[in-house]
Amino acid sequence: MKDLSLVQEYMLCAVNEKGKISGLQTERLVCFVAAGILDLQLEGCLAVEGKLVRTAAPLPEARRYLQPLYDYISQKKTVKLTAAIEAYQISFTDKRMRELTEAVGDSLVGMGMAEERETGLLGRRKGYVPGQEAVRSVVEMLRAEVLEEGEMTEEAAALAILLERAKCLKLYFSPFEQKEMAGRIKALVSSPEGRLVKELVDHIEALMAAAAASVSAAASAGSV
């Protein structure tokens with residue numbers, strides 16, 4: 001199987017049968033953006049400092065499909081995580097979110113991991129239906145790294161956490177397996193070797209908190 005990045009693996013596991021993430025599935029959309037931010041951080045392109053994120057290095061060719069997200073943050077120089085989430089949170093069909101999902105989706109099509117499908121009432125939207133083998137490979141990777149004894153990479157831990165927060169993990173793992181995963185990640189976070197994973201967990205929690213804050217603010221504004 002070809003090497004996939006965190007955001008590519010997440011998209012393969014998070015889209016529905018039409019190859020989309022519904023605009024009603026707020027958690028999945030937020031975690032998609034979070035996966036992109038964490039992907040760029042793991043690549044050394046972004047620095048996440050508390051509640052702020054900024055560019056730290058040029059975007060490599062291997063992550064060109066994250067250009068829309070990288071450019072948004074780069075233009076702002078330093079941006080609050082809440083602002084980054086709000087900028088992408090509207091829905092799957094919003095222009096900014098659509099550019100990002102299509103860029104990542106097209107990269108999967110180019111790798112032979114997904115097929116492009118027309119969606120929407122007039123077929124004007126793109127969906128990316130993942131191949132069964134591609135999804136199976138991601139799930140087997142997670143099972144091997146997070147459930148079995150051995151070294152767990154930061155990327156595998158981050159993917160498991162994102163899929164759990166997006167309520168997707170239950171689609172691929174039993175309740176017992178999910179509990180085992182949570183236990184292994186918790187143990188890793190508490191260990192000296194798990195410093196980077198702990199930072200990733202903290203960043204994911206900050207992103208989810210930012211999303212919750214923006215949703216609350218939007219609801220309050222709408223009720224005025």
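Analyst: We will look at a core, a loop residue, the cysteines and a helix. This is a predicted model, in which local features need pLDDT of at least 70 and side-chain atom pairs count only at pLDDT 80 or more, while totals for chains, interfaces and linings use all residues. Residues are numbered from 1 along each chain as its sequence is written, and side-chain values use heavy atoms, with hydrogens and water left out.

User: OK, which residues have the most contacts inside the largest nonpolar core?

Analyst: They are Tyr10, Phe32, Leu142 and Leu162, in a core of 73 residues. A nonpolar core is a set of buried Ala, Val, Leu, Ile, Met, Phe, Trp, Tyr and Cys residues joined through side-chain atoms within 4.5 Å, and buried means under 20% relative accessible area, with exposed over 50% and partly exposed in between (1.4 Å probe, protein chains only).

User: And which helix gives the largest share of this core?

Analyst: That is helix H2 (residues 26-42), which supplies 10 residues; helices here are DSSP runs of H or I with at least four residues, strands are runs of E with at least two, and both are numbered from the N terminus.

User: Switching topic, where is Tyr65 found?

Analyst: Tyr65 lies in the loop between strand E2 (52-55) and helix H3 (67-76), and it is buried, with a relative accessible area of 11%. The side chain of Tyr65 also makes a polar contact with the side chain of Ser5, at 2.8 Å. A polar contact is a pair of N or O atoms within 3.5 Å; within protein, one must be able to donate a hydrogen and the other to accept it, and residues adjacent in sequence count only if both atoms are side-chain atoms.

User: How many disulfides does a search of the whole structure find?

Analyst: The search finds 0 disulfides, a disulfide being a pair of cysteine sulfur atoms within 2.5 Å. The sulfur of Cys13 has its closest cysteine sulfur in Cys168, 7.8 Å away, so it is too far for a bond.

User: What about Cys31, is it buried or exposed?

Analyst: Cys31 is buried, with a relative accessible area of 0%, and its sulfur is 7.8 Å from the closest cysteine sulfur, in Cys168, which is too far for a bond.

User: Last one: which residues of H8 are buried?

Analyst: In H8, Glu177, Met181, Ile185 and Leu188 are buried. They cover an arc of only 70 degrees around the axis, so they sit on the same side of H8; the arc is that of the directions from the helix axis to the C-beta atoms. The face turned away from that buried side carries exposed residues, including Phe176 and Lys179.
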